[in-house]
Amino acid sequence: MENIQQTIMAMPAVALKGLTIMPDMIIQFDLSCQKSILAVEAAMQGDQHLFAVTQKDFKVEDPGLDDLYKVGTITVVKQVSKMPGGVLKIVAVGKCRGKLLSLDEQPSDYLFAHVAELPKCEEEVTETEREAMIRELKDIFTEYVQLNPKHGKALAGRLQRVQGLEYLIDQITVSMPLAIDTKQQILEAETLQERYDILAGILYNEVEIAKVKEELSEKVKTRINKNQREYMLREQMAFIREELGENSGLSDAEQFEEAVEKLKAGKEVKEKLRKEIGRFKNLMPSSSESAVERMYIETLLELPWDKVSKDNTNLARAQQILEEQHYGLEQVKERILEFLAVRSLTKGGDSPILCLVGPPGTGKTSIARSVAEALGKKYVRISLGGVRDEAEIRGHRRTYVGAMPGRIAGGLRQAGVKNPLMLLDEIDKVSSDYKGDTSAALLEVLDSEQNCKFRDHYVEIPLDLSEVLFIATANTTTTIPKPLLDRMELIEVNSYTANEKFHIAKEHLLQKQYKKNGMDGGKLSINDSALRIMIDGYTRESGVRELERKIGEICRKAAKEMLTRKVNKVRINQKNLEKYLGKVKYMPDKINDTDEIGIVRGLAWTSVGGDTLQIEVNMMPGKGEIELTGQMGDVMKESALTGISYVRSISKQYNIAESVFKKNDFHIHIPEGAVPKDGPSAGITMATAILSAITGIPVYARVAMTGEITLRGRVLPIGGLKEKILAAKKAGISTVLVPAENRKDVEEISREIKSGLEILFVETMTEVLEHALRKE
């Protein structure tokens with residue numbers, strides 16, 4: 001700018017409020033300020049030149065040099081019209097930019113300015129740059145007009161014909177609704193490049209703002225259109241239903257209110273529902289909150305608050321159903337019939353909370369379904385295996401996304417009545433993590449004193465579980481917390497005997513598998529001998545699951561044989577059984593043929609029933625060390641050491657020298673070394689074997705024993721007696737030594753198992769040795 005010759009001019013000036021005039025701009029504006037009117041009149045008396053400069057603060061009434069912007073526009077006044085009220089209407093044309101240098105004090109009645117004319121500066125940029133800038137500004141402005149139609153497409157078309165860069169900048173600035181300070185910024189820019197940069201930046205920013213505005217507007221429009229469409233469709237549906245005579249065209253809220261009136265529930269429940277329905281009415285149907293509220297109301301309406309089913313009070317009928325569907329399980333049947341008898345007499349009473357404990361496959365789960373049928377109750381099964389989140393029992397709070405009621409409330413909802421039979425399957429396999437303890441949540445559920453007010457986190461209203469008949473199942477009680485175990489009535493479901501398995505297979509499993517595999521109607525038959533061989537030789541379990549699978553395997557192979565060989569019937573007996581199931585898998589444990597030294601038959605309990613253990617003891621020259629092999633657990637190792645200590649304490653009675661224990665090593669081994677073994681019940685067996693090995697007195701081969709030993713030789717009680725005696729009978733044992741304190745357990749064992757066995761009760765090791773060691 002320094003190289004351009006500036007022309008200094010003196011002329012009247014007007015201070016504009018809220019208006020900036022650009023060069024080449026024809027503008028009409030009003031003046032009411034007396035100073036400005038006098039300045040216009042002075043200009044008209046001269047060469048009609050008037051300097052129009054914008055006032056920084058429009059509130060200032062008598063602006064001075066510091067109150068005005070430094071750059072304004074030299075204009076030529078074309079027309080002046082006087083309007084009523086002393087207002088002057090001016091029509092002027094912007095000539096060029098001018099820089100305000102000073103204001104004269106005389107004349108004092110209007111502004112008189114010294115202005116430096118700022119000439120056009122097209123020559124500052126090259127021709128190529130100028131053309132590029134013109135095209136870019138036109139393109140951006142065209143896009144701006146498209147996004148802002150109110151500015152008119154005609155204006156964009158007119159500007160497309162403009163060739164001068166500076167003129168184009170001025171015209172775009174005039175046509176856009178820009179703030180005064182923004183226009184002034186463009187006007188004051190010293191170089192053409194600077195003026196272009198400012199205007200291009202403003203245009204780009206306005207285009208982006210317009211795009212975002214259009215996008216937001218489209219979203220709002222879409223949402224409004226969707227809501228209007230839904231409203232119209234609902235109105236049309238209501239009209240169609242009304243025309244067809246279907247429904248009364250009730251809204252969802254009205255249907256909920258109608259359902260509340262019909263609901264069998266207390267005052268608290270109905271008040272809560274009415275409150276939630278009122279909230280539902282005020283929500284937009286398409287909102288997510290509406291869907292959450294709807295689900296909650298529907299859940300409350302579907303819960304059986306005061307709805308009960310009528311129980312069967314016919315004791316004989318209930319007993320018949322239980323006997324028809326399950327063989328054995330006498331304790332369970334007896335307890336259910338007792339409950340039914342009490343309910344019949346009292347017309348009420350608390351429902352028992354039973355826990356059936358026993359090995360897998362013994363019918364714990366299936367008996368619950370039969371009990372429900374016998375009592376005329378709805379049946380709901382809740383599997384607790386692997387459940388580790390407290391919310392699975394108590395439900396999630398409604399503040400969470402995807403919240404839903406817990407399994408207990410869900411079970412009641414499924415049953416549709418408040419007094420169903422609810423089976424808590426595998427209660428011993430619940431676990432806990434950082435989200436809470438599942439077993440702790442079950443404490444309230446299974447407490448008959450508290451469960452009348454069970455509170456689900458989702459439902460929020462207390463649920464009455466006092467009339468629910470809870471039956472839990474478990475394989476063991478060791479993993480069930482003591483407080484939870486204390487709330488349940490335990491009923492042991494023991495392993496089945498071979499005879500019980502035979503009857504179960506004969507009366508239930510065969511017909512079930514025949515029907516399942518298309519073998520009913522006499523197409524397949526398995527005789528009794530083959531069935532007994534399957535039980536003893538092809539399965540080793542406490543229940544009957546594997547036996548059922550073997551029967552199913554025979555059915556499938558028989559079906560294949562019937563189709564390939566074109567036969568009508570298949571008969572299975574002991575001779576052709578191997579053809580269908582292969583070689584016998586399990587050989588029964590057999591007693592030793594002769595009485596031997598240092599070998600004693602013990603009895604053990606396993607998860608699949610009872611078993612016999614042959615404990616062997618060898619004595620050899622050494623340093624008094626004791627070797628224990630056969631994968632013994634810590635408790636069993638301690639029992640072996642206790643047995644040796646006991647034998648040393650009675651060594652004088654059997655004329656055993658003290659040096660025997662110092663100069664000899666003892667090796668105690670239990671065969672089947674790959675199978676882990678533990679527990680104290682082999683204590684008397686190991687002590688007997690040690691004494692036999694030291695004294696050289698043989699032990700009767702037909703004697704088996706079980707019991708825990710103390711250092712003083714007392715025999716303590718053990719568990720799993722039924723399975724152990726059953727295993728002894730299968731092995732051909734004739735005499736079983738049992739702790740005297742287990743007499744009550746022996747009395748509960750059926751005669752079928754005890755028949756052919758001599759069961760002797762012992763209190764001390766002296767009695768054990770008297771019956772076990774062979775007398776010379």
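Predicted model: local features only at pLDDT ≥ 70, side-chain atom pairs only at ≥ 80, totals over all residues.

Residues are numbered from 1 along each chain as its sequence is written, and side-chain values use heavy atoms, with hydrogens and water left out.

**Exercise 1.** Work out how the reach of helix α2 compares with the expected span.

Solution. Start with the naming: helices (H or I, at least four residues) and strands (E, at least two) are DSSP runs, numbered from the N terminus. Helix α2 covers residues 127-147, which is 21 residues. Now look at burial, where buried means under 20% relative accessible area, exposed over 50%, and partly exposed in between (1.4 Å probe, protein chains only). Buried residues of α2 include Arg-130, Met-133, Phe-141 and Tyr-144.

**Exercise 2.** Find the buried residues of helix α7 and say how they are arranged around the axis.

Solution. In α7 (residues 252-262), the buried ones are Ala-253, Phe-256 and Val-260. Looking down the axis of α7, these fall within an arc of 60°, so they line one face of the helix. That arc is taken from the directions from the helix axis to the C-beta atoms. Glu-261 and Lys-262, on the other side of α7, are exposed. Next, check the partners, with contact meaning heavy atoms within 4.5 Å: the buried residues of α7 pack against α8 (267-281) and α9 (288-302).

**Exercise 3.** Is Gln-55 buried or exposed, and what does it touch?

Solution. First place Gln-55: it's in the loop between β3 (49-54) and β4 (71-83). Gln-55 counts as buried because its relative accessibility is 5%. Setting aside residues up to four places away in sequence, Gln-55 touches several residues, among them Ala-15, Leu-16, Pro-63 and Tyr-69. Val-60 is also one of those it touches, and the backbone oxygen of Val-60 sits 2.6 Å from a polar atom of the Gln-55 side chain.

**Exercise 4.** Look up the phi values of Asp-24 and Glu-460.

Solution. Here's the background: most residues other than glycine have a negative phi. Asp-24 has a positive phi, near 65°, and lies in the loop between β1 (7-16) and β2 (26-31). Glu-460 has a positive phi too, near 70°, and belongs to the loop between β12 (454-455) and β13 (462-463). Asp-24 counts as partly exposed at 24% relative accessibility, and Glu-460 counts as partly exposed at 31%.

**Exercise 5.** How many disulfides are there?

Solution. Apply the rule, a pair of cysteine sulfur atoms within 2.5 Å, and the count is zero. As for individual cysteines, Cys-96 is buried at 11% relative accessibility, and Cys-355 is buried at 0%.

**Exercise 6.** How many aromatic pairs are there, and how do the rings of Phe-661 and Phe-666 sit?

Solution. Rings of Phe, Tyr and Trp (its six-membered ring) pair if their centres lie within 6.5 Å; planes under 30 degrees apart count as stacked, over 60 as edge-to-face and the rest as tilted. The count is four aromatic pairs. One of them, Phe-661 with Phe-666, is tilted, at 6.0 Å centre to centre with 35° between the planes. Phe-661 and Phe-666 are both buried.

Note on methods: Expected span 1.5 Å × (residues − 1). Polar contact = N/O pair within 3.5 Å; in protein donor to acceptor, adjacent residues only side chain to side chain.
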